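Subject: Structure for your files

Hello,

Here is the structure you are taking over. My notes on the strands follow it.

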Amino acid sequence: MAALSEEVLLVVKRVRQRKQDGTLYLMAERIAWGPEGKDRFTVSHLYADIRQKISPDGKAKIQLQLVLHTGESTNFHFSNESTALRDRDAAKDLLQQLLPKFKKRANKELEEKNRMLQEDPVLFQLYKDLVVSQVISAEEFWANRLSLNNVDHSASNNKQEVGISAAFLADIRPQTDGCNGLRYNLTSDIIESIFRTYPAVKQKYAENVPHNLTEKEFWTRFFQSHYFHRDRISTGLQDIFSECAKQDEKGLRSMVVQGVKNPLVDLLSLEDKTLDEGYGSNSMAPSTSSANKTVKENSNSAIIKRFNHHSAMVLAAGAGKKADAPNDQASETSSTDGNSRDSDFFQPPVKKVKIQEAIEYEDLHMENGKKTVALNLKKSDRYSHGPVPLLPQQYTTSQDIINSVNCIQQEIANYKPCLTQVMSSSTASSAIAALSPGGLLMQAGSQQAINQMVPSDVQGELKHLYTAAGELLRHFWSCFPVNTPFLEEKLTGHLEDMFQMAYNKFHAWQTRQMLRKT
Amino acid sequence: MVMASEDEVSLLVIVVDVNPIWWGQQANREPQFTLSKCLDAVMVMGNSHLVMTRNNKLAIIASHCQESHFLYPFKLWKSGDGHGDDNPSTSGDGKYELLSVANDIMAEEIKILMSRTEVKGNQTDTLLAGSLAKALCYIHRVTKELEAGQEIKSRILVIKAADDCALQYMNFMNVIFAAQKQSILIDACVLDSDSGLLQQACDITGGLYLMIPQKIALAQYLLWVFLPDSDQRSQLVLPPPVHVDYRAACFCHRNLIEIGYVCSVCLSIFCNFSPICTTCETAFKIPLPQMVKAKKKKLKPST
C-alpha cells in the first residue's frame, strides 16, 4: 500500500500493464502501478531491486520495461495516444536520475564481497569449501565478516586533502619562445592552485569563460595583466583583473586590522625600527600614506605586501576546507578566511589553555603516581630452583671422599702428559664408526620429517579441511553463552547438521586417500 | 664456503670438570681412563685448535669443587717469554714452541691446583656455573683487547664428568642467556650421565651436545665433533641435536609437568589448583560455570 508520507514524483495516467489500464506512480524510493479505479497498487518495485530499464524506440507500442535483479521483468505500455511518448520519456528520465542512486547501494555489497574473496585466497577457499558445498549458508558466512569490513571501507574514504604548494606561481617558469614571446606552461594542478588560493580569480574565470573569452585568452590576459606582475602600479587600464587587485588590497587591509589573536605572538615587535634619530626613544609610528615614502620604499613595501598576501591566501586555502561549505558565498568576497578562523579559534577558554600550556612544565609537577600494590612474595626461593628435580643425591661417605681426593692428588702429582699414546687405533676407529652416518650416535638424524613423506597436494587438502573445521568451530563457540532461543535452536538443530555434513565430507576424503594408497 | 679471513680470530675456551671426588671414584671404576688420560685428550684438542690457524686462541679452565682455575694461559706469562728457570722453548722433541709451552703450563697448573685441594664434606659439587662465568669474562676481555679491524668468534667447550648441581640453576641460566646474547656457542661433551642444564645450554646457544659411549676414545670424539667451528659445522655430518626436555617443574613438588596452573600475580607454577597462591598469597575467585535452569514446558491447550 502506498504510505501516505511517500513523496510522489511523477504520475502517469493511462498506462497499461498486462492488458489492464491503470496509473503509474513514481515515488521517492519505488515505482508502483495501480489499476484504474482501484486505489491500491498491484505492482510495486523498489528502485534498489531494479537492475535496468529498457525502453525500445521505434516500435508501434510505446513501452517501458523494468528488469529486476531477480530476473523477472515488468512491462508498462503507455496507451495515451497524444502524450504517450512524452510520458514515457518523462518516466524514463526520472528513472534515469533515480536508479543510479539506489544502484550503488545494492552493488556495493556485492562488490565488497567479491573484493574480499579476491584479496584473500584463504577466505576464498573457505567459501568454496563451506558455502558452495552447502555446509554453511551464505548469510551466516558473511554475517560476521561484512560488518567488520564496512567500517574499514568508510574510514578509508576520508582521503586527505592535498595541500597547495606556496611556490606554485614560481613553478610556471616562462620560457622564451624564440621570437620575442614567452611561453607559460600551465598544468591543471597549477590552475587548481590558483583558483583555490585566489577566489577572486576563480570568480573572474567563472564570469568570463566560456562566454566572453576562451580559456587560452583568459590565461593570456591573466599573465599580461599587471595583476600578475611584480609592480602592481594601477595603470587605470580597463583590465578584468584590476578589480582583483582592488579586492586583494581590501582583503589585506582587513587582515591587518584583525591582527593575530594568539596572545603569545607579538607581530609588532617585528617592525622595522630605525635607530638613527634618538636611538629608539623616538618611536615614530610608520606612516602609511604613500606620499611620504620614496619610490624605492614604495615598490619594496608593495612587493612585501604581495608576499604577505600570497602566503596568507595559501594558508587560508589549505586550512579552511571544512568550514568552507556553508560559508562558500561569504568567503568568495572576503579573502580573510584564515584569519577569521584564527580569531574564532582564540576564544577566551582556548586562550587560557594556550597560556597555561606555555607557563607549565609537565616534568616539574608533583609526582602523582598511580596507586600500585606491591608484590609480596613469601617463598621467593622457589624461583631459584630450576626444573631439575631434586633427586636424592648419591650418598658418598666422608671416608669415600677422603679416599678419592687422596687418590687423585697422588695421580696428578705424578702426572706427565703422554700425548703420543692418548688412545689406541682400535678405539679411535670404533669411535669414528659410531659417528658415521648410521652409527650409534647418528640414529636420530635418519628420521624423516613428516612433511617430506606426505605429498603436497594431500597436505594442501588437509589444510583446507582444517581451516573449514576451524570456521565451523567458530560458529559453534559464538553461540555461547546461550541466551536466546534462537541460539539454542541453532546449536541443537542447525549446527548439528553442519557438523554432520562436514564429518561426512571428511570421512569421504579419508576413505579416498586410503583407497589410493592400497 | 667462506674461508676465515686473515683477521678473524677464533677463541676456544675449554672448561674441564676436574671434580676430585668423581675422578677419584672413577679411578677405581675404570682404571684405564683416569683424569690423566682425560687431560691428555684435552691437550690434544687444545694443540689441534692452535695449529688449525695462526689466529686461533685457546684458554683452558679447570672446574674444581672449590674454585675455577685457568690452566692456560698462565696469568703472568707474556707471549714469547719463557717462565721460570727452565727454558721450555728448547725442550726436547722439536715440537712447535707454542704447543710445548702450553702443554707444560697446563701440566704444571693442574698439579698446583690439585695439590691445594682441601677435603670438605659439604663442597662436593663442581662449580660449573662459576667456570662458565669466568670463561665468558675471559672472552669479553679478549674481545676488548683485539686490534682494530680484527673480528673474533668464540666458543666454549664443556667436558663434564660429575652430576648436575641443582643449586646452580639460576647462575647457569644467567650464563646461558649471557652467552646467547654475545653469540658465544656452548658445546658439551658429557662423560657420564646426561645433564639437563647443558642440554639447554647447547640448545639455546646453538652448540652441540654429545654424550660419549666410550670414555677412552674421548680424544677422537673431541677432534671429530668439537674441533670444527660453527661455520664449518654446517658443511659436515655431525650427530643430530638431542630432544631437550623444557617442561617446567611445579613449585610445590618439583615434578615436571606439561599442563598446570600459573598464578597471574607472581607467575609461579602449580600442578593442582588451589584458591590461594602459596607464593604471593593472592586469593583467586574462579567463577563456576552457571547452571542452566531447566525451562518449564508450556502445556499446549488441547484443540
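Chain A holds an open sheet of seven strands with antiparallel pairing, in the order E4-E3-E2-E1-E7-E6-E5. Its edge strands, which each pair on one side only, are E4 (43-46) and E5 (50-54) of chain A. On average, neighbouring strands of this sheet are turned by 30° against each other, direction ignored.

On terms: strands (E, at least two residues) are DSSP runs, numbered from the N terminus, and two of them pair if DSSP finds at least two bridges between them. Axes are lines fitted to C-alpha atoms, and angles run from 0 to 180 degrees between N-to-C directions.

This is a predicted model, in which local features need pLDDT of at least 70, side-chain atom pairs count only at pLDDT 80 or more, and totals for chains, interfaces and linings use all residues. Residues are numbered from 1 along each chain as its sequence is written, chains are lettered from A and ligands numbered from 1 in the order in which they are written, and side-chain values use heavy atoms, with hydrogens and water left out.

Strand E1 (residues 8-17) of chain A pairs with strand E2 (residues 20-27) of chain A over seven bridges, in the antiparallel sense. E1(A) is also joined by two bridges to strand E7 (residues 73-78) of chain A, again antiparallel. A:Val15 stands opposite A:Gly22 in E2(A) and has A:Phe78 as its bridge partner in E7(A).

Five bridges link E7(A) to strand E6 (residues 63-68) of chain A, also antiparallel; here A:Leu66 is partnered by A:Thr74 of E7(A). E6(A) and E7(A) form a hairpin with four residues between them, and A:Gly71 in the turn has a positive phi of about 110°.

Regards
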